[in-house]
Amino acid sequence: MIDGGRFDWPEDKYDDFKTFKERKGKLAYLDKVWREIHINIGTCQAPFHSYLTLIGLDTLALRMERHLSIQRPVGRVLGATPKVKW
(Lines give C-alpha, C1' and ligand atoms only; values in the text may rest on other atoms or scores of the structure.)
Protein backbone atom coordinates (compact mmCIF):
# COMPACT_ATOMS: atom_id res chain seq x y z
CA MET A 1 0.00 0.00 0.00
CA ILE A 2 1.29 3.44 -0.87
CA ASP A 3 0.01 6.63 0.73
CA GLY A 4 1.52 10.02 0.06
CA GLY A 5 -0.18 11.57 3.10
CA ARG A 6 -1.72 14.36 1.02
CA PHE A 7 -5.40 13.66 1.63
CA ASP A 8 -6.94 15.88 4.31
CA TRP A 9 -9.46 13.40 5.81
CA PRO A 10 -11.99 16.09 6.82
CA GLU A 11 -13.56 15.31 10.19
CA ASP A 12 -17.11 16.10 9.07
CA LYS A 13 -16.92 13.19 6.59
CA TYR A 14 -14.40 10.93 8.33
CA ASP A 15 -15.01 11.39 12.04
CA ASP A 16 -13.30 8.09 12.88
CA PHE A 17 -10.00 9.48 11.56
CA LYS A 18 -9.63 12.05 14.33
CA THR A 19 -7.59 9.82 16.63
CA PHE A 20 -5.45 8.58 13.76
CA LYS A 21 -4.76 12.14 12.60
CA GLU A 22 -3.80 13.18 16.12
CA ARG A 23 -1.52 10.19 16.52
CA LYS A 24 0.19 10.04 13.12
CA GLY A 25 -0.64 13.25 11.27
CA LYS A 26 -0.17 12.75 7.53
CA LEU A 27 0.25 9.01 8.02
CA ALA A 28 -3.25 8.66 9.48
CA TYR A 29 -4.52 6.38 6.73
CA LEU A 30 -1.61 3.97 7.05
CA ASP A 31 -2.05 3.94 10.83
CA LYS A 32 -5.77 3.16 10.42
CA VAL A 33 -5.07 0.37 7.96
CA TRP A 34 -2.38 -1.08 10.21
CA ARG A 35 -4.44 -0.98 13.39
CA GLU A 36 -7.86 -1.92 12.04
CA ILE A 37 -7.13 -4.26 9.16
CA HIS A 38 -3.67 -5.74 9.43
CA ILE A 39 -3.72 -6.40 13.18
CA ASN A 40 -7.36 -7.54 13.36
CA ILE A 41 -7.55 -9.59 10.17
CA GLY A 42 -3.93 -10.27 9.37
CA THR A 43 -2.40 -11.08 6.07
CA CYS A 44 -2.16 -14.42 4.35
CA GLN A 45 0.92 -15.97 2.88
CA ALA A 46 1.42 -16.72 -0.75
CA PRO A 47 1.43 -20.46 -1.49
CA PHE A 48 5.18 -20.55 -2.06
CA HIS A 49 5.83 -18.83 1.27
CA SER A 50 3.59 -21.36 3.00
CA TYR A 51 5.64 -24.13 1.42
CA LEU A 52 8.87 -22.57 2.67
CA THR A 53 7.40 -22.20 6.16
CA LEU A 54 6.51 -25.89 6.23
CA ILE A 55 10.00 -26.86 5.11
CA GLY A 56 11.43 -24.65 7.85
CA LEU A 57 9.22 -26.31 10.47
CA ASP A 58 10.43 -29.75 9.40
CA THR A 59 14.02 -28.88 10.25
CA LEU A 60 13.36 -26.56 13.22
CA ALA A 61 14.17 -29.11 15.94
CA LEU A 62 17.52 -29.99 14.37
CA ARG A 63 18.44 -26.35 13.84
CA MET A 64 17.57 -25.45 17.44
CA GLU A 65 19.73 -28.31 18.76
CA ARG A 66 22.66 -27.02 16.76
CA HIS A 67 22.08 -23.42 17.86
CA LEU A 68 22.06 -24.50 21.49
CA SER A 69 25.15 -26.69 21.12
CA ILE A 70 27.05 -23.64 19.86
CA GLN A 71 25.47 -21.24 22.34
CA ARG A 72 26.30 -23.19 25.52
CA PRO A 73 30.11 -23.01 25.24
CA VAL A 74 29.95 -19.36 24.22
CA GLY A 75 27.72 -18.64 27.23
CA ARG A 76 30.14 -20.40 29.59
CA VAL A 77 33.08 -18.37 28.29
CA LEU A 78 31.19 -15.10 28.49
CA GLY A 79 29.87 -15.97 31.97
CA ALA A 80 33.44 -16.49 33.20
CA THR A 81 34.69 -13.22 31.71
CA PRO A 82 34.71 -10.45 34.36
CA LYS A 83 34.18 -7.67 31.80
CA VAL A 84 30.81 -9.13 30.78
CA LYS A 85 28.08 -8.05 33.21
CA TRP A 86 25.06 -9.52 31.44
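Guide: Start with Ile37, which touches Lys32 and Gly42 once its neighbours within four places in sequence are left aside. Keep in mind that this is a predicted model.

Visitor: Where is Ile37 found?
Guide: Ile37 is part of helix H2. Its relative accessible area is 45%, so Ile37 is partly exposed.

Visitor: Where does H2 bend?
Guide: At Trp34, by about 30 degrees.

Visitor: What comes just after H2?
Guide: Gly42, which takes a positive phi of about 85 degrees. Gly42 is also one of the contacts of Ile37 mentioned above.

Visitor: Which residues of H2 are buried?
Guide: Ala28, Asp31, Lys32 and Val33. The buried residues of H2 pack against helix H1, residues 18-24.

Visitor: Take Asp31. What is it in contact with?
Guide: Leaving aside neighbours within four places in sequence, Asp31 is in contact with Phe20, Arg23 and Lys24. Asp31 has 6% relative accessibility, and the cut-off for buried is under 20%, so Asp31 counts as buried.

Visitor: Asp31 has a charge. Which salt bridges does it form?
Guide: One is with Arg23, where the closest N and O atoms are 2.7 Å apart. Another is with Arg35, at 2.8 Å from N to O.

Visitor: Where do Arg35 and Asp31 lie?
Guide: Both are in helix H2, 4 residues apart, about one turn of the helix. In general, an α-helix has 3.6 residues a turn, so residues three or four places apart point the same way.

Visitor: How many salt bridges does the structure hold?
Guide: It holds 4 salt bridges. One of them pairs Asp16 with Lys32, the closest N and O atoms being 2.8 Å apart. Asp16 lies in the segment before H1 and Lys32 in helix H2, so this pair ties together parts that are 16 residues apart in sequence.

Visitor: Which of that pair is buried?
Guide: Lys32 is buried, with a relative accessible area of 13%. Asp16 is partly exposed, at 37%.

Visitor: What does Lys32 lie over?
Guide: Lys32 lies over the face of Phe17, at 5.3 Å from the ring centre.

Visitor: New topic, then. How many aromatic pairs are there?
Guide: The structure holds 4 aromatic pairs. Phe7 and Tyr14 form an edge-to-face pair, 6.0 Å centre to centre, with 75 degrees between the planes.

Visitor: Why edge-to-face?
Guide: Because planes over 60 degrees apart count as edge-to-face, and the angle for Phe7 and Tyr14 is 75 degrees.

Visitor: How exposed are Phe7 and Tyr14?
Guide: Phe7 is partly exposed, with a relative accessible area of 48%. Tyr14 counts as partly exposed at 25%.

Visitor: Which residues do the ring pairs link?
Guide: They link Phe7, Tyr14, Phe17 and Phe20 into a cluster. Phe17 is the ring that Lys32 lies over, and Phe20 is among the contacts of Asp31.

Conventions:
Residues are numbered from 1 along each chain as its sequence is written. This is a predicted model: local features need pLDDT of at least 70, side-chain atom pairs count only at pLDDT 80 or more; totals for chains, interfaces and linings use all residues. Side-chain values use heavy atoms; hydrogens and water are left out. Rings of Phe, Tyr and Trp (its six-membered ring) pair if their centres lie within 6.5 Å; planes under 30 degrees apart count as stacked, over 60 as edge-to-face and the rest as tilted. Buried means under 20% relative accessible area, exposed over 50%, partly exposed in between (1.4 Å probe, protein chains only). A charge sits over a ring if NZ of Lys or CZ of Arg is within 6 Å of the ring centre and within 35 degrees of the ring normal. The bend at a residue is the angle between axes fitted to the seven residues ending there and the seven starting there. Helices (H or I, at least four residues) and strands (E, at least two) are DSSP runs, numbered from the N terminus. Contact means heavy atoms within 4.5 Å. A salt bridge is a side-chain nitrogen of Lys or Arg within 4 Å of a carboxyl oxygen of Asp or Glu.
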